[in-house]
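Visitor: Hi, I'm new here. Could you walk me through this one?
Guide: Happy to, let's bring it up.

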Amino acid sequence: MREQIEGSQAIAKAVAACRPDVIAAYPISPQTHIVEALSALVKKGDLPGAEYLNVESEFGAMSACIGASAVGARTYTATASQGLLFMVEAVYNASGLGMPIVMTVANRAIGAPINIWNDHTDAMSQRDSGWLQLYAETNQEAADLHVQAFRIAEELSLPVMVCMDGFILTHAMELVDVPEAEQVAKFLPDYEPRQVLDPENPVSIGAMVGPEAYTEVRYLAHHRQMQALELIPQVQKEFAEVFGRDSGGLVRPYLLDDAETVIVSMGSVLGTIKDVVDERRERGEKIGVLGITSFRPFPTDAVREALSGCQRFVNVEKAFSVGIGGIVSSHCRSAVRGLDLENFEVIAGLGGRPITKASLHGMLDDLAAGSLAEQTFLDLDRDLVEEELAREAHSRRSGPLAENLVRASQARTDAVLEENEGTDPARGAARARAASPLANGSEAGGLVGTANVPVSTDAKSEEK
Amino acid sequence: MSTPLGIPGVRQTEIPAREHVKFYQVGSYAVGNRLAEEGLRSVQSDPNRWNTLTSGHRACQGCGEALGARYALDSAAAASDGDLVAVNATGCLEVFSTPYPESAWTVPWLHSLFGNAPAVAAGAAAGLRAKGKSTRVIAQGGDGGTVDIGMGTLSGMFERNDDVLYICYDNQAYMNTGVQRSGATPPTARTATTQPVGPKPGNRFGQGKDMARIAMAHEIPYVATASVADLRDLEFKVTKAMSMHGARYIHVLVPCPLGWGSASNLTVTLARLATQTGLFPIFEAEGGEITSVMKIRRPAPVEEYLKPQRRFAHLFKGGGEPEVIARLQAIADRNIRRYGLIDEDQLDDDVLARVLAAPEDPEGRYEAILHAASETKQAQAQARTRNAATENPSDREDQ
């Protein structure tokens with residue numbers, strides 16, 4: 001049914017349409033609305049027979065899902081950010097045990113510094129966990145991907161993460177054609193577990209495996225996940241036949257046929273990127289977009305084929321690996337190995353910073369002018385960073401970085417204000433630093449509430 | 001070219017989940033009250049008894065955990081007619097029973113992680129209920145997996161009153177990883193991380209978790225302690241727990257010859273001495289209230305229990321540590337008084353006097369807290385004096 005609905009509510013309805021047997025979840029933003037809605041559905045009796053477990057932690061949530069899945073129940077949970085990291089041990093375990101659990105990850109940054117807004121750092125940290133990862137561009141696609149995820153998970157007996165941008169999608173009201181139970185029933189068969197704890201036919205699941213067979217077990221896990229490269233497009237096709245709309249798949253090309261420049265990205269930012277590309281197309285630029293839906297397994301061949309006709313590609317990605325750079329871009333580079341393509345990685349939108357059309361145009365202008373660095377942090381405040389680097393080099397004290405940045409930024413603002421009043425800016429800045437709420441620790445802002453003590457000693461020793 | 005690595009093939013064995021046992025000692029009570037009334041007979045005395053944990057696993061000689069697990073799960077299987085699944089935390093029990101490609105379990109069995117067995121079992125119970133099955137769920141783990149790393153998930157399971165029987169096999173340290181201290185290690189015990197060195201050798205007084213009492217505080221339907229010295233009692237408690245629904249907890253003392261440094265043939269003796277001294281009280285509680293205790297006929301002095309164990313050897317070296325042993329005795333005496341393990345009229349006068357005089361906190365928990373608090377107060381007072389002596393108030397903030 002097409003309705004104006006919040007993303008998370010649409011996901012809850014789509015998941016409910018898949019008739020899960022067990023839902024176990026712990027609240028964490030921005031995932032919370034999804035499981036709130038599901039708990040209401042279970043409580044009202046709209047999901048007869050389903051069990052809703054209010055667990056004590058995300059670690060408990062994933063553990064309960066493992067237990068439920070092992071006895072043959074269709075199992076669902078959702079999480080985000082720190083929650084995902086808290087359940088990590090069980091996340092790896094679920095895939096190792098071959099439990100077809102479906103989990104929504106409402107993507108969010110990871111602390112410290114604590115930041116509740118969207119980027120892909122959380123799910124990317126689980127790229128080696130053995131889970132499949134599908135990224136949604138819109139709420140419609142997110143809802144559809146959940147239905148497909150149960151099908152894929154249960155056919156492969158592997159867990160699937162459906163990743164959707166926190167807040168940008170989960171909290172956005174959109175027109176969504178929410179999958180309904182009758183439709184889903186035509187597409188998603190009952191869960192028939194490959195292995196199940198059944199007293200009639202007892203098996204031991206989770207035995208200890210030594211060096212003589214561990215490599216083989218891991219190889220088979222890889223082999224099984226690689227089967228998804230064929231299964232995902234197949235499921236996409238069948239979904240389209242039943243639901244009459246195209247969602248999912250491995251990659252989603254947009255205006256690629258004659259494109260010389262391709263922007264590669266994932267998630268909701270694809271919408272903005274497509275708008276920018278449309279505008280540049282109108283100016284006659286040969287530019288296209290490659291959206292990646294399946295990040296695990298990584299569709300190396302599909303990406304290579306999609307990029308083989310272009311001259312250069314730019315990865316715009318909302319996650320990066322500290323110490324090396326873009327994560328998806330390194331995957332893409334290895335996919336096009338041997339092809340002579342210029343490539344750039346642009347880290348953008350970290351911790352919820354908006355990725356604007358203006359910034360993307362600026363990035364493309366730089367690219368055209370040949371001034372785009374191979375590794376670029378979009379909209380990075382150079383002044384602020386350099387000031388901190390200088391301070392760090394001067395004081396040789398690393399300290400809590402975010403607090404230093406906030407303090408430096410405030411001092412700068414105060415200095416500008418004082419300058420406008422006609423006083424000496426350097427002295428003004430020093431005074432502003434000493435008088436800033438962070439420096440004296442009297443009324444620290446919400447962002448740094450607990451960190452005022454180290455900052456205060458820091459600031460005082462600086463004065464001395 | 002691939003090298004043959006000698007990967008073992010999976011073998012299907014024909015070991016049945018129910019084993020017909022031929023008893024040779026016909027007419028004696030040697031195999032578990034077989035001639036007693038039906039309700040009083042041991043589960044293990046049934047010639048068609050269950051065989052949940054088969055022999056041939058790789059536990060050490062004299063392993064208390066293997067013994068306890070076998071009796072507990074056989075009883076649970078008998079009580080549920082084999083309609084049960086077992087969830088296992090990481091630990092000795094999991095490692096010695098399932099080295100791939102072998103498994104000693106004839107019941108459906110799942111191992112996930114060290115700290116999540118209660119949550120996995122809760123999920124399994126929920127899944128089975130959702131699938132409309134009446135299959136029962138048992139979770140089991142050692143003391144480390146239960147009182148330390150898994151305590152959060154266990155508390156969650158208690159709080160939700162999930163339909164799971166959780167059995168903790170307590171051998172009082174992390175035996176599987178090389179005998180390190182756990183939250184259930186008793187005071188003064190030597191472990192790999194509480195060495196018998198320094199002025200206060202072994203594990204400190206005033207620490208450790210009494211998981212059975214913590215479980216009682218959750219007011220779950222059933223909590224019990226048991227030991228492998230009284231296997232009939234263990235069977236009875238598991239059977240009783242299986243007749244109930246909701247969260248149930250049984251804490252079983254299982255001596256570990258390797259970790260305790262005791263002879264393999266002393267496992268049952270030591271378990272009995274732990275009870276008979278009063279150091280390990282055996283009781284049942286329902287809804288958070290104690291409903292029964294196993295009485296002690298004659299209290300054994302704690303030395304009898306401590307001496308055969310190498311983990312307490314430092315208490316007896318040289319002139320010995322009579323004060324420390326007296327303190328351990330006080331713990332036993334306090335338990336005797338707290339749980340009413342012996343009726344007053346059964347006690348010799350001197351023992352009665354000792355029991356009545358035992359301090360309420362021989363573990364030294366309050367003492368440690370008070371000590372820490374007094375130190376804090378002292379530090380505060382010192383700081384105040386120092387500050388009063390300082391003239392410049394702006395410097396005071398930097399202290």
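Visitor: What should I know before we start?
Guide: This is a predicted model, where local features need pLDDT of at least 70, side-chain atom pairs count only at pLDDT 80 or more, and totals for chains, interfaces and linings use all residues. Residues are numbered from 1 along each chain as its sequence is written, chains are lettered from A and ligands numbered from 1 in the order in which they are written, and side-chain values use heavy atoms, with hydrogens and water left out.

Visitor: How many helices and strands does chain B have?
Guide: Chain B has 14 helices and eight strands. Both are DSSP runs numbered from the N terminus: H or I of at least four residues for helices, E of at least two for strands.

Visitor: And how much of chain B is buried?
Guide: Of the 399 residues in chain B, 51% are buried. Buried means under 20% relative accessible area, exposed over 50%, and partly exposed in between, with a 1.4 Å probe and protein chains only.

Visitor: Tell me about α11(B). How far does the helix reach?
Guide: Helix α11 of chain B covers residues 322–339, and its 18 residues reach 25 Å from first C-alpha to last, close to the 26 Å expected. That expected span is 1.5 Å times one less than the number of residues.

Visitor: What do its buried residues pack against?
Guide: The buried residues of α11(B), including B:Val324, B:Leu328 and B:Tyr339, pack against α6, α9, β7, β8, α10 and α12 of chain B. Contact here means heavy atoms within 4.5 Å.

Visitor: What follows α11(B)?
Guide: B:Gly340 comes next, with a positive phi near 60 degrees.

Visitor: Switching topic: how many salt bridges are there?
Guide: Over all chains, the structure holds 42 salt bridges. Each is a side-chain nitrogen of Lys or Arg within 4 Å of a carboxyl oxygen of Asp or Glu.

Visitor: Which residue does B:Glu286 meet in a salt bridge?
Guide: B:Glu286 pairs with B:Lys240, at 3.1 Å from N to O. B:Glu286 lies in strand β7 and B:Lys240 in helix α7 of chain B, so the pair ties together parts 46 residues apart in sequence.

Visitor: Is B:Glu286 buried, exposed or partly exposed, and what about B:Lys240?
Guide: B:Glu286 is partly exposed at 29% relative accessible area, and B:Lys240 is partly exposed at 22%.

Visitor: Which residues are linked in a network of salt bridges?
Guide: A:Glu56, B:Arg160 and B:Asp162 are linked that way.
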